[in-house]
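Dear colleague,

I am handing over the structure that we spoke about, and my notes on what was found in it follow below. Please read them with the model open beside you.

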Amino acid sequence: MTHSAPINDLDNVIRADRDHVWHHLTQHKPYETKDPRVMVEGKGMRLWDASGREHLDAVSGGVWTVNVGFGRESIGKAISDQVTRLNFFAQNVGSIPGAMFAEKLIERMPGLSRVYFVNSGSEANEKAFKMVRQIAHKRFGGKKHKILFRERDYHGSTIATMSAGGQPERNAQYGPYTPGFVQVPHCLEYRAQWDVENYGERAADAIEEVILRESADTVGALCLETVTAGGGVITPPKGYWERVQEICRKYDILLHLDEVVCGVGRTGTWFGYQQYGIQPDLVTMAKGVASGYAAIACLVTTEEVFNMFKDDASDPMSFFRDISTYGGCTAGPAAALENMRIIEDEGLLANTDAMGARLMDNLHALKDKHAAVGDVRGLGLFCGAELVADRVSKTPAGEAQVQAVIADCMAQGVIIGATARALPGLNNTLCLAPALIATADDIDAITDAIDGALTRVFC
């Protein structure tokens with residue numbers, strides 16, 4: 001006997017969803033009078049919902065995840081073959097796909113050497129925080145325990161990662177937070193905090209000012225998104241990353257880069273930080289690692305960090321005393337291996353560069369046409385358009401108007417995103433992250449939909 005609903009029983013599926021599923025980031029009151037949307041099938045960049053309607057997905061599964069597109073039979077087969085052979089064993093022992101994926105991943109991350117498997121971006125960042133805290137106790141008597149994070153950045157939905165979260169609306173009502181996390185200023189030049197020419201260096205210097213204020217011997221790590229995602233798709237200004245790395249080395253502070261969104265090809269290189277020529281100590285990744293076909297996330301470290309946890313084998317407290325149950329699942333690395341093969345064999349990094357350039361050109365054309373577009377920014381297929389009520393004053397467009405643009409695009413069959421419940425008064429940036437397989441026609445269809453929506457909403 002099977003409990004799976006037949007494909008023609010979608011009315012029952014919708015009823016079950018409405019009556020029993022608690023959706024993420026969703027106010028459910030409207031579902032008392034209308035049906036929730038249920039997605040049924042995906043192929044490439046297209047999705048079909050329970051009503052049979054087709055959608056062009058410009059946000060890779062809604063949250064920047066499905067990098068290689070929907071319907072990849074080879075990834076499904078890789079998962080099936082692996083889990084019927086061995087589905088799981090705790091990560092205190094190894095597995096074939098885990099070892100092979102770790103090796104291939106490290107080959108693409110020169111200067112880093114160790115992979116710690118977990119099951120979500122939040123968890124990967126938590127593990128990094130725990131490593132920083134344990135290093136503080138092992139080497140600095142617990143003093144060098146503070147972790148700096150940046151305004152507008154997002155690192156996860158647990159209490160500790162929210163303590164390192166620079167988005168006040170996401171954090172609201174979930175305190176008190178974990179102590180020892182200290183905020184540094186954002187680096188968005190469009191909303192400049194300093195009137196200088198070398199803005200990137202000045203924004204980085206602001207981090208040094210916080211370090212000196214807190215005392216450098218209390219700061220263990222700096223945790224930043226390489227490119228800020230949900231806080232407004234912020235690409236750091238020229239000179240920023242080089243100066244940030246210089247500051248971290250000057251004060252013996254670990255540089256922890258959150259690549260949960262922009263990792264695994266999203267920016268046109270394997271990892272976003274590789275666009276800037278810097279060398280982090282810890283890198284976290286999740287969404288694109290297996291393109292959402294299996295739950296997998298990774299914390300990758302240098303050998304120097306790794307060696308700090310095996311320096312005294314006689315000390316039972318010396319090693320990293322942590323476990324992630326589902327870090328032992330083999331489906332994740334099996335899917336990740338095939339995901340990586342697809343990106344390489346299909347030339348998707350080069351395609352991301354080309355289609356990212358086309359997307360930015362199209363967004364600049366929209367800015368020239370629509371006064372409501374105040375700024376466009378992005379890297380690869382990770383782009384944003386900030387909407388304003390007045391271009392001169394940069395007054396943000398109202399959230400109702402921003403959401404109306406999204407709704408209009410959805411009515412046209414194109415799914416786009418926007419900053420939401422993140423920054424009071426600044427949830428005004430349209431977010432675009434189509435799959436790395438996007439074609440020129442896909443890119444044009446996305447921006448054509450936005451063009452029509454802006455025309456109607458800001459008429």
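Two strands are said to pair if DSSP finds at least two bridges between them, and strands themselves are DSSP runs (E, at least two residues), numbered from the N terminus. This is a predicted model, in which local features need pLDDT of at least 70 and side-chain atom pairs count only at pLDDT 80 or more, while totals for chains, interfaces and linings use all residues. Residues are numbered from 1 along each chain as its sequence is written, and side-chain values use heavy atoms, with hydrogens and water left out.

On that basis, strand β3 (residues 54–57) is joined to β14 by two bridges, and the two run parallel; within this pairing, D57 stands opposite I415 of β14. Both strands belong to an open sheet of four, ordered β1-β2-β3-β14, whose pairing is mixed. Because β1 (39–43) and β14 (414–415) stand at the edges with a single partner strand each, one side of each is left without a neighbour in the sheet.

E54, which is found in strand β3, is partly exposed, with a relative accessible area of 41% (partly exposed lies between buried, under 20%, and exposed, over 50%, with a 1.4 Å probe and protein chains only). Leaving aside neighbours within four places in sequence, E54 is in contact (heavy atoms within 4.5 Å) with R46, L47, W48 and G413. The C-alpha atoms of E54 and V414 are separated by 8.8 Å, although these residues are 360 apart along the chain.
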